[in-house]
Amino acid sequence: MKKISNSEFVVMDLLWKEGRSLNRHEIAELIRKNPKNEPWELPTISTFISRLCSKGVLTYEKKDRMYHYYPAVTKTEYIQTMINQKLEETFRMSFDELVLEYTGNKKTKQNIKKVDEYIKNFSVD
């Protein structure tokens, strides 16, 4: 899976939160409604949508002569993949190997509890 830009992430995050397919006009309208977002015009949003489709994270179907877009991956899947790629790229190790390093390569009950507590307190919005 290819990394997406911050601007592309805005589009994906909107679709993940909406939980339904949207056409490009609906996407543009919802992006413009949020004051935190840049006031992108429809051609810019269409470019982001095209890039997201080519990267395989967004897909579409034709309904009523319009394309409706929806995520091809969940937000969790995307984030996990990006984390794993970054770990491999930076440390040349998998998540499992990183956890072992974090615990000093010791599979003790105390270390397992420590990692388990960390995971329980972690959430992805």
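**Charged residues**

Modeller: Glutamate 88 counts as partly exposed because its relative accessibility is 42%. The model is a predicted one.

Biologist: Where does glutamate 88 lie?

Modeller: Glutamate 88 is in helix 4, which covers residues 75-91. Together with Asp96, Glu97 and Glu101, Glu88 makes up a patch of negative charge on the surface.

Biologist: Which helix gives the largest share of the negative patch?

Modeller: Helix 5 (residues 95-102) does, with three residues.

Biologist: Turning to salt bridges, how many are found in the whole structure?

Modeller: The search finds seven. One of them joins lysine 75 to aspartate 13, with the closest N and O atoms 2.9 Å apart. This pair links distant parts of the chain, as lysine 75 belongs to helix 4 and aspartate 13 to helix 1 (residues 6-18), 62 residues apart.

Biologist: Is lysine 75 buried or exposed?

Modeller: Lysine 75 is buried, and aspartate 13 is buried as well. Asp13 and Lys75 are also linked with Lys17 in a network of salt bridges.

Biologist: What does lysine 86 form a salt bridge with?

Modeller: Its partner is glutamate 89, at 3.2 Å between the closest N and O atoms. Both residues lie in helix 4, three residues apart, about one turn of the helix.

Biologist: Why is glutamate 89 classed as exposed?

Modeller: Its relative accessible area is 51%, and the exposed class begins over 50%. Lysine 86, by contrast, has 47% and is therefore partly exposed.

Notes:
Residues numbered from 1 in each chain as written. Predicted model: local features only at pLDDT ≥ 70, side-chain atom pairs only at ≥ 80, totals over all residues. Heavy atoms only, no water. Patch = residues over 30% accessible without salt bridge, like charges linked within 9 Å, V, L, I, M, F, W, Y side chains within 5 Å. Areas by Shrake-Rupley, 256 points an atom, 1.4 Å probe, with all protein chains shown as cover. Salt bridge = Lys/Arg side-chain N within 4 Å of Asp/Glu carboxyl O. Lys, Arg positive; Asp, Glu negative; His and termini not counted. Charge placed at Lys NZ, Arg CZ, Asp CG, Glu CD. Helix = DSSP H or I, 4+ residues; strand = E, 2+ residues; numbered from the N terminus. Buried < 20%, exposed > 50% of the residue type's maximum accessible area, 1.4 Å probe, protein only.
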